[in-house]
Amino acid sequence: MSRFWKIVLLVIAVLVVGLIGLRVLGGGKDKAGGPGAAAEAGKDGERDAAPVPVTVVDAARQDVPVYASALGTVSAMNTVTVSPQVGGQLISLNFKEGQEVKQGDVLAQIDPRTAQASYDEAAAAKRQNQALLATARSNYARSNSPEYRQYVAKTDLDTQRNQVAQYESTVAANEASMRAAQVQLQYTKVTAPISGIAGIRAVDAGNVVSAGTALVTLTQVHPIHIVFNLPERQLPDVRQAQQAGPVTIAALDRNDAHVLTDGGKLDVVDNQISSDSGTFRARALFDNTDNTLWPGQFVNVRMQLRTIAGGVVIPTQAVMRGPDGEYVYIVQADNTVAMQTVKSGVEVGDSHVQITEGLKGGERVVSEGQFRLKPGSKVTALKPGETPAAPTEAELKAAAQQQGPGGRRGGGPR
């Protein structure tokens, strides 16, 4: 074979090997799905991904009240143990246990006969000495008259004048004895010193009682106090609110925190902070006209310190927490979501929170379904309480066609 044909055969062999190599390399890329194929597949996946249904609310601006909360104890404004001031047999009790009594009502009656006898005795002694005083005055007036004075010794006139003064003093002493006996007689009727609720009686009618024997306890519930403790860090806010005007306070049930009554006012702040607990005492005053509050009752106290004007408020559940702090998902104009860092402030009711940083108001914030999201995800915005629409028959068929045999996307076996 000549040299020429050897060169031709070598060139043909190199071309054949090159074509086979290109074919092998091209087929491998197609089978392995190279970078271009992966990018294209990723784009197709993004296009084919269905929007995530989420609940969306607007970040609203509203006035936000700032509260201080504490556990308080209802305390009667006045508590009085009613006791007789004289001894004797207890004839009757003129009240029912648990009854509301008025100041001055007769609660009990003690046998008045001994006191009445003392009063009658003092009155009789007064009348007797009044008669002696009248006689002494007549004798002195007669002896001191111009026609008899010259016949009466000066010593006798002095004696008669002094006797008149003596009987006047005796009558005055009798009057004092009568008043003392009358006071003792009045004490036989035990009256209510305050208006309040009568408790359980401590003694029954028919017993012999002495001065100081407890009969019943009265508690004043109109108005009524609530005493509570607050941490010392809140003292400046409380004092500032007190200086600004009347501080309103609401009493809430201890269990489910519903409002029992909201007509209270801050009455007084104690003059010292407890070094043991780092708290200070405060007291609220309630009218309690409907007897909602009862002495000894435990309640939650909510005191309004100030109001934040135009605060941004969103549902509490919309705020997520991550490594970098708190954030929310905001729905943009193209129905994709973006992550927004926020800072929460005070609670607003039981379900909302005020946002101090990150939102200006008016943004569409995801409140439910945000756990399925990531930045850039497409969403279907729903109103609170709204559910996604059921898929149509055409959508179901399209989804079935998109799923190939064996549940694979793309239609053919692999």
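This is a predicted model: local features need pLDDT of at least 70, side-chain atom pairs count only at pLDDT 80 or more; totals for chains, interfaces and linings use all residues.

Visitor: How many helices and strands does the protein have?

Guide: There are seven helices and 22 strands. Of the 414 residues in the protein, 29% are buried. Among contacts between residues at least 6 apart in sequence, 74% join residues at least 24 apart.

Visitor: How should a helix such as α3 be read, and what distance separates its end C-alpha atoms?

Guide: In general, an α-helix has 3.6 residues a turn, so residues three or four places apart point the same way. In this model, helix α3 covers residues 113–143, and at 1.5 Å a residue its 31 residues should span 45 Å; the end C-alpha atoms are 45 Å apart, so expectation and model agree.

Visitor: Which residues of α3 are buried, and against what do they pack?

Guide: The buried residues of α3 are Ala115, Ala122, Ala123, Lys126, Asn129, Leu133, Ala136 and Ser143. Their packing partners are α4 (146–149) and α5 (154–187).

Visitor: How many aromatic pairs does a search of the whole structure find?

Guide: The general idea is that a pair of aromatic rings is described by the distance of the centres and the angle of the planes. Here the search finds one aromatic pair. The ring centres of tyrosine 327 and tyrosine 329 are 5.8 Å apart and the planes stand at 90°, so the pair is edge-to-face.

Visitor: Are these two tyrosines buried or exposed?

Guide: Tyrosine 327 counts as buried because its relative accessibility is 16%, under the 20% cut-off. Tyrosine 329, at 5% relative accessibility, likewise counts as buried.

Visitor: Which arginines lie over the face of a ring?

Guide: Arginine 254 lies over the face of phenylalanine 298, at 5.1 Å from the ring centre. Arginine 302 is placed over the face of tyrosine 67, at 4.7 Å from the ring centre.

Visitor: What volume does the largest pocket have, and which residues are closest to its centre?

Guide: In general, rolling a probe the size of a water molecule over the atoms shows where empty space is left. The largest pocket here has a volume of about 400 Å³. It is lined by 15 residues, of which Tyr67, Ser69, Arg302, Glu347 and Gly349 are the closest to its centre.

Conventions
Residues are numbered from 1 along each chain as its sequence is written. Side-chain values use heavy atoms; hydrogens and water are left out. Rings of Phe, Tyr and Trp (its six-membered ring) pair if their centres lie within 6.5 Å; planes under 30 degrees apart count as stacked, over 60 as edge-to-face and the rest as tilted. Buried means under 20% relative accessible area, exposed over 50%, partly exposed in between (1.4 Å probe, protein chains only). A charge sits over a ring if NZ of Lys or CZ of Arg is within 6 Å of the ring centre and within 35 degrees of the ring normal. Helices (H or I, at least four residues) and strands (E, at least two) are DSSP runs, numbered from the N terminus. The expected span of a helix is 1.5 Å times one less than its number of residues. Contact means heavy atoms within 4.5 Å. On a 1 Å grid over the protein atoms alone, a cavity is a set of points where a 1.4 Å probe fits but cannot get out, and a pocket is an open set with protein on both sides within 12 Å along at least five of seven lines; lining residues have an atom within 4 Å of a point. Grid points are joined across faces, edges and corners, and a volume is the space filled by probe spheres set on the points.
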